[in-house]
Amino acid sequence: MSRLEINGERLWQSLMEMAKIGATEKGGCNRLALTDLDKQARDLFCQWCESVGCTISVDKMGNIFARREGSDSSLGAVSTGSHLDTQPTGGKFDGVFGVLSGVEILRTLHEQKITTRAPIEVSVWTNEEGSRFQPAMQGSGVYVGRFDLEQEWQKTDVDGKNVKDELVRIGYLGTEEIGSRHMQAFFEAHIEQGPILEDENKEIGVVRLGQGIRWYNVTITGRESHAGSTPMALRADALAAAANVIAEVENIALRNKPNGLGTTGFMQVHPNSRNTIPGSVTFSVDLRNPDPEVLAKMDQELNEYCQVIAQERGLSVDVDHFWYFAPVEFNASDNVKIAAEKLGYSHMDIFAGAGHDACYMADIVPAGMVFTPCKDGISHNEIEFTTPEQCTAGCNVLLHSMLEVAGIVD
Ligand code: GLV
Ligand code: MN
Ligand code: MN
């Protein structure tokens, strides 16, 4: 069985087939969570898994689980999964590679008539991206009990549509109780989304850690007034204050070298009219660091700066810190390393810059992650790219990591 390999061509074709759903002109995908396109992608996943004899279950958060029985159904499933939703300017691989690697593993086991001892499961987690609804990793977060189901159901997008109604609308509000599956390990394959594996010329990243993330909504409230008749000294310009805070977000990241990161990617300006001084502005802040203490310091620096700006400019700055994701260790990644070595792939230890569903699954079962290189380190971009060979290597490592735990019946 040590030579068992997945079908790389079939995996690639499936990636390209899935990428047609929400395809963008620049070659990427725009498939936001719980849209009609997300439904189409989910339906295709279910159809592919059912055609190789799997049973499908959907839980109350819309998370999907495809199950292939083992010889001993009393054993916890060895699971893998990721997400099918994308960013508005997403690529073909972020999330999808992990899900379709799982599908390819189901197909390989089916085709080779292999019976594993433990059941194998492949999951699709709802709204990993956190673009349409916040926070990110919402489905896996609810699954492991980090978030409350009822609260997440009520989260709304910018048009006021909520998660529960959208789940009903696309036919994915399932009946299975949250967190009720029996699993013994969780693995996730994902593109690196950064430049390190490519720079180091390695085929596989053995992911040891997921870095910490803090998400905020900052609302600055000033006063609308006329752009032509309000002297500079009498203004309470919410957008000018926001510009200060956004520049400081970058400074905080730069001061907290070498791993500090800070981003503002979303903003709403009111009334958004060119000759009225902006009265209120809401924007996002995303701070990241693999070291929880440094990340706490970055949080403090942001809060202090916001207070200073509020006082200096005579307006109110409200910092809503609505999501903290602590750095997580992947304690099943030794299996990933063993599999990479067995198959003869070059590899290195690495940490994950992005959040992943496996980060939350690590709360309840041993979890491991496999990274593949990503061209020029670019992701959350329509040109995101990983070669067919790199995908094949990642999927083979995922397969053998899972088989190591699941066992095979001779
Ligand atoms: C989500 O995947 C994130 O890292 O923002
Ligand atoms: Mn992802
Ligand atoms: Mn992503």
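Along the chain, the donors of the manganese ion (ligand 3) follow the spacing D-x34-E-x250-H; donors here are N, O and S atoms within 2.8 Å of the metal (3.2 Å for Na, K and Ca), and water is not among the atoms, so sites may look incomplete. This is a predicted model, in which local features need pLDDT of at least 70 and side-chain atom pairs count only at pLDDT 80 or more, while totals for chains, interfaces and linings use all residues. Residues are numbered from 1 along each chain as its sequence is written, chains are lettered from A and ligands numbered from 1 in the order in which they are written, and side-chain values use heavy atoms, with hydrogens and water left out.

**Manganese ion (ligand 3)**

- Its protein donors are Asp94 (OD), Glu129 (OE), Glu129 (OE) and His380 (NE2), at 2.1 to 2.4 Å from the ion.
- Aspartate 94 sits in the loop between β3 (77-82) and α3 (96-111), and histidine 380 in the loop between β16 (367-372) and α12 (388-406), so this pair links distant parts of the chain, 286 residues apart; helices (H or I, at least four residues) and strands (E, at least two) are DSSP runs, numbered from the N terminus.
- Are these two residues buried or exposed? Aspartate 94 counts as buried at 4% relative accessibility, whereas histidine 380 is partly exposed, with a relative accessible area of 38%. Buried means under 20% relative accessible area, exposed over 50%, and partly exposed in between (1.4 Å probe, protein chains only).

- Aspartate 94 bridges the manganese ion (ligand 2) and the manganese ion (ligand 3), and the two ions lie 3.6 Å apart.
- Histidine 83 lies in the loop between β3 and α3 and histidine 190 in strand β5 (residues 183-191), so the pair ties together parts that are 107 residues apart in sequence.
- Histidine 83 and histidine 190 are both buried, and the relative accessible area of histidine 190 is 1%.

**Around ligand 1**

- A polar side-chain atom of glutamate 128 lies 2.8 Å from an oxygen atom of ligand 1, and one of arginine 288 lies 2.7 Å from an oxygen atom of the ligand.
- Glycine 355 places a backbone N or O atom 2.7 Å from an oxygen atom of ligand 1.
- Taken alone, ligand 1 exposes 190 Å², and the protein buries 93% of that (Shrake-Rupley method with a 1.4 Å probe).

**Alanine 367**

- Alanine 367 belongs to strand β16 and is buried, with a relative accessible area of 0%.
- Alanine 367 and phenylalanine 330 are 37 residues apart in sequence, yet 5.4 Å apart in space, C-alpha to C-alpha.

How values were computed: A polar contact is a pair of N or O atoms within 3.5 Å; within protein, one must be able to donate a hydrogen and the other to accept it, and residues adjacent in sequence count only if both atoms are side-chain atoms.
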